Amino acid sequence: MATTSIVTLLFCICFSFTIPALSARNLQSFPLDNTPQNANCPYICHPNRFADLGLDMSMYAFCDKKLPYHVRAKSLVDQMTLWEKTQQIGSWAAGVPRLGIPPYIWWNEGLHGIASSPGVNFNGPIPNATSFPTVILMAAAFNESLWKSVGEAVSTEGRAIYNSGQAGLTFWAPNINIIRDPRWGRSMETPGEDPFTVGRYAVNFVRGMQDIEGTHHVKDLNSRPLKVSACCKHWAAYDLDVWNGVDRYSFNALVKEQDLIESFSPPFEMCIKEGDASGLMCSYNRVNGIPSCANPKLLNETIRGEWDLHGCIVSDCYAIRKIVTDHKFLGDTPEDAVAQTLKAGTNVDCGYFLPQYAANATVNGKVREGDIDKALNILYLVLMRVGYFDGNPAFDKLGKKDVCTDEHTELALEAARQGIVLLKNENQTLPLNAANFKNVTLAGPHANATVAMLGNYAGIPCCYRTPVDGFSSYTNVNYEMGCADVACKNNTFIFHAMEAAKVADATIIVVGLDVTVEAEEKDRTDLLLPGYQTQLVNRAAELAKGPVILIVMCGGAVDISFAKDNSNIKAILWAGYPGEQGGQALADIVFGIYNPGGRLPATWYKADYVNKLPMTSMQLRPDESLSYPGRTYRFFEGTTVFPFAFGLSYTRFSYQLRSAKHSLTIKLPKYVQCHNLIYKSNTHRRACPGILISDMPCDKNLEFKVEVRNVGKMLGDEVIMVYSKAPVGIVGTPIKQVIGFQRVKLAPGKGEKVKFKMNACRSLSIVDYKGYSLLPSGEHTIIVGDAAITFPVHVSFRY
């Protein structure tokens with residue numbers, strides 16, 4: 001990322017010089033201030049601002065609020081020269097001083113809180129922002145209302161920081177790539193391995209970021225006002241950074257249509273069609289030979305055409321340059337790459353390649369100026385919708401008082417508590433009673449964690465509640481490092497932790513990974529704890545006087561079978577990277593103020609899993625010809641350390657099916673043809689195996705009601721997971737797939753009847769090897785929870 005060191009500029013100053021094409025060198029001199037304001041001009045189309053510039057605002061139709069956004073945007077673009085146009089389609093847009101248009105930095109990050117990035121700085125009146133848990137931990141809550149609330153809080157702080165001249169209004173979040181391989185370094189950024197869950201996270205987070213009350217039913221979605229702009233990334237089939245000599249900048253992801261439609265596409269389709277995201281980022285990698293950002297099938301045809309994106313498409317940072325330098329795609333010159341990406345549907349370059357070469361590409365006849373016009377019209381529509389031109393009275397007064405509020409701090413704490421997963425609890429060791437555990441040893445590389453709790457894509461947090469802080473609020477804490485850092489390259493500090501464990505009423509060991517081990521551009525080669533961490537845990541557990549509780553901070557899966565099987569280790573918690581309030585959240589759970597209810601959003605494989613297949617294999621189903629196992633809970637049939645959606649509680653819950661419709665008969669249009677399926681041998685073949693989803697009205701719903709009751713002794717949350725399983729005998733279908741979930745809070749002895757209503761086509765469909773989405777006839781199975789309830793749904797067709 002580029003950084004800047006100059007004093008913040010106020011854009012009400014009139015610039016009279018020509019801004020040159022941006023390059024890697026002069027990006028350093030680009031202004032930090034990302035707003036067009038001072039005390040007299042809070043947004044672009046403000047009379048005082050134009051007066052200060054010596055311009056008559058009434059002469060500029062793009063400032064006429066009576067006109068539709070698309071008319072205003074076209075008016076602005078039509079007044080620009082070719083050179084001026086090309087300087088606006090990079091992440092550092094140069095602005096057009098003669099028209100009163102200031103520079104703008106598109107690149108702002110807000111993955112789990114407003115984060116340091118080229119468009120965001122904490123050097124002004126607002127020095128920090130609430131740092132929520134990383135996405136993988138928030139996903140573990142399986143709570144859609146929580147996800148939306150976090151999006152709302154992040155966007156509120158984003159608007160406030162923008163008003164202080166320290167951020168833009170376009171945030172490149174969320175990351176909604178599924179975790180295909182546990183070695184991926186960016187697992188912490190994503191909502192997990194299940195496409196449906198990832199998609200629901202995307203919809204809720206984006207709605208929280210973007211939606212303004214009262215604007216949900218606007219007919220023209222290209223004119224719907226936005227609180228800020230959210231951008232779903234990285235499309236498509238991106239989940240490898242650097243592994244075994246292969247990097248994302250040149251990787252060619254060979255993806256079957258079946259996997260693309262079934263696994264990689266759904267989160268993005270949901271983000272756009274249900275979340276109405278106003279941005280999408282195309283990825284570095286190629287997909288079946290074509291760079292994602294130069295692929296018209298992926299962008300113009302699918303994203304903008306089939307899914308009807310109301311917003312802009314941005315390249316991943318410097319991805320367009322990588323088409324030339326790393327992919328060496330078709331022997332492209334820079335002008336060729338620029339032309340291909342613009343024509344494919346990319347609108348703005350996170351980088352400088354488009355501004356640098358688009359003018360030459362146009363003059364040389366490789367791309368039309370109209371293609372640049374189209375990109376600019378889309379970009380300015382987004383900026384108008386977020387109020388960059390006109391302001392928004394509901395948000396224009398937000399400021400420092402609206403950042404790091406008590407409400408947001410409590411939400412960060414609640415998000416961490418809801419996501420933390422109880423993986424082991426022998427003999428109901430947890431929760432601890434503070435009256436009986438007056439002296440606790442807290443050891444391990446994360447026992448006093450601060451920055452490590454934030455993960456990546458973080459800003460400067462409002463405060464830190466470390467594990468030492470959190471546990472000290474309940475008991476006397478004796479802190480021992482155990483390891484000098486996460487790498488734990490020597491055992492120097494283990495002895496002190498062992499000695500402390502001998503005399504403690506309880507020993508809590510906090511281990512795991514951090515961004516030195518897993519991060520962007522840093523995939524792992526194994527699934528083990530680094531260095532001597534395992535030895536630290538085992539030695540301390542061997543000598544401990546009281547119960548030993550292990551806490552693991554990490555994004556990607558770690559094989560902790562040694563601890564799971566060690567009878568001296570009584571309890572295990574997974575905490576992801578729990579954000580600024582992480583230490584308090586952990587202490588609240590260990591001492592029973594909060595009952596854990598999180599579920600793992602990704603499978604935790606055994607360590608030898610990564611020896612069985614390369615990261616570069618994109619197929620999710622097992623590949624028998626190469627002896628590759630399947631990927632994710634949908635296709636992996638082997639033994640795991642902990643399965644997807646695993647999580648324990650301090651209380652117990654019972655399930656009863658209260659009502660369900662066990663059959664669906666679908667009336668077909670007269671000329672619809674049945675679609676054949678491949679069945680396993682000795683399987684009954686139905687007369688009409690299946691019907692293409694595109695050939696049916698798909699207006700039937702699957703409805704049922706489940707009563708969940710807390711039959712334990714403690715208030716607790718239960719996540720009700722619902723899966724579907726295709727009729728027996730069809731080749732290649734998932735083992736099961738998530739089709740719904742709800743989280744409920746229940747007091748001891750209390751129950752709740754939870755209703756599920758879902759579209760039958762969406763919930764019971766499969767994708768065959770040819771890439772067809774279809775609904776099979778026959779007996780489907782609905783699975784609720786860990787098979788606490790199963791019941792059949794028989795699908796039949798008639799004309």
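Lys and Arg count here as positive, and Asp and Glu as negative; His and the chain ends are left out. On that count the protein carries 77 positive and 76 negative side chains. The centres of the two sets lie 5 Å apart. The model is a predicted one.

Start with the whole chain. The protein has 21 helices and 30 strands. Its radius of gyration is 27 Å, close to the 28 Å that the globule rule gives for 799 residues, so the protein is as compact as a globular protein of that length. Along the principal axes, the C-alpha atoms fill a box of roughly 75 × 70 × 50 Å. Of the 799 residues, 63% count as buried. The accessible surface comes to about 28,700 Å². Carbon and sulfur atoms make up 50% of that surface.

Contacts reach across the sequence. Take the contacts between residues at least 6 apart in sequence: 77% of them join residues at least 24 apart.

V708 gives a local example. This residue sits in strand β23, which spans residues 701–710. Its relative accessible area is 0%, and the cut-off for buried is under 20%, so V708 counts as buried. What does V708 touch, leaving aside residues up to four places away in sequence? The list runs F653, S654, Y655, E718, I720, L746, K750, G751 and E752. V708 and Y655 are 53 residues apart in sequence, yet their C-alpha atoms are 4.8 Å apart in space.

A435 has a relative accessible area of 51%, and exposed means over 50%, so A435 counts as exposed. A435 and V120 are 315 residues apart in sequence and 46 Å apart in space, C-alpha to C-alpha.

Now turn to the helices. Helix α11 covers residues 334–344. Is α11 largely enclosed or largely open? Nine of its eleven residues are buried, so the helix is largely enclosed by the rest of the structure. The buried residues are P334, E335, D336, A337, V338, A339, T341, L342 and A344. Charged side chains are therefore on the buried list too: E335 and D336 both count as negative. The neighbours are helices. The buried residues of α11 pack against α9 (297–306), α10 (319–325), α12 (353–363) and α13 (369–385).

Helix α6 spans residues 195–210 and holds T197. T197 has 1% relative accessibility and counts as buried. Its side chain makes a polar contact of 2.7 Å with the side chain of D194. Beyond residues up to four places away in sequence, T197 touches F142, W147, P191, V738 and F741.

Most residues other than glycine have a negative phi, and most peptide bonds are trans. Where does the model depart from this? A cis peptide bond joins K233 and H234, with omega about 5°. H234 is in strand β4, residues 229–235. Another cis peptide bond joins W235 and A236, with omega about 15°. A236 lies in the loop between β4 and β5 (242–243).

C488 is not a glycine, but its phi is positive, near 45°. C488 is placed in the loop between β14 (476–480) and α16 (494–503). With a relative accessible area of 1%, C488 is buried. A645 is also a residue other than glycine with a positive phi, here near 70°.

Technical notes: Residues numbered from 1 in each chain as written. Predicted model: local features only at pLDDT ≥ 70, side-chain atom pairs only at ≥ 80, totals over all residues. Heavy atoms only, no water. Helix = DSSP H or I, 4+ residues; strand = E, 2+ residues; numbered from the N terminus. Buried < 20%, exposed > 50% of the residue type's maximum accessible area, 1.4 Å probe, protein only. Contact = heavy atoms within 4.5 Å. Polar contact = N/O pair within 3.5 Å; in protein donor to acceptor, adjacent residues only side chain to side chain. Rg over C-alpha atoms; globule rule 2.2 N^0.38 Å. Areas by Shrake-Rupley, 256 points an atom, 1.4 Å probe, with all protein chains shown as cover. Charge placed at Lys NZ, Arg CZ, Asp CG, Glu CD.
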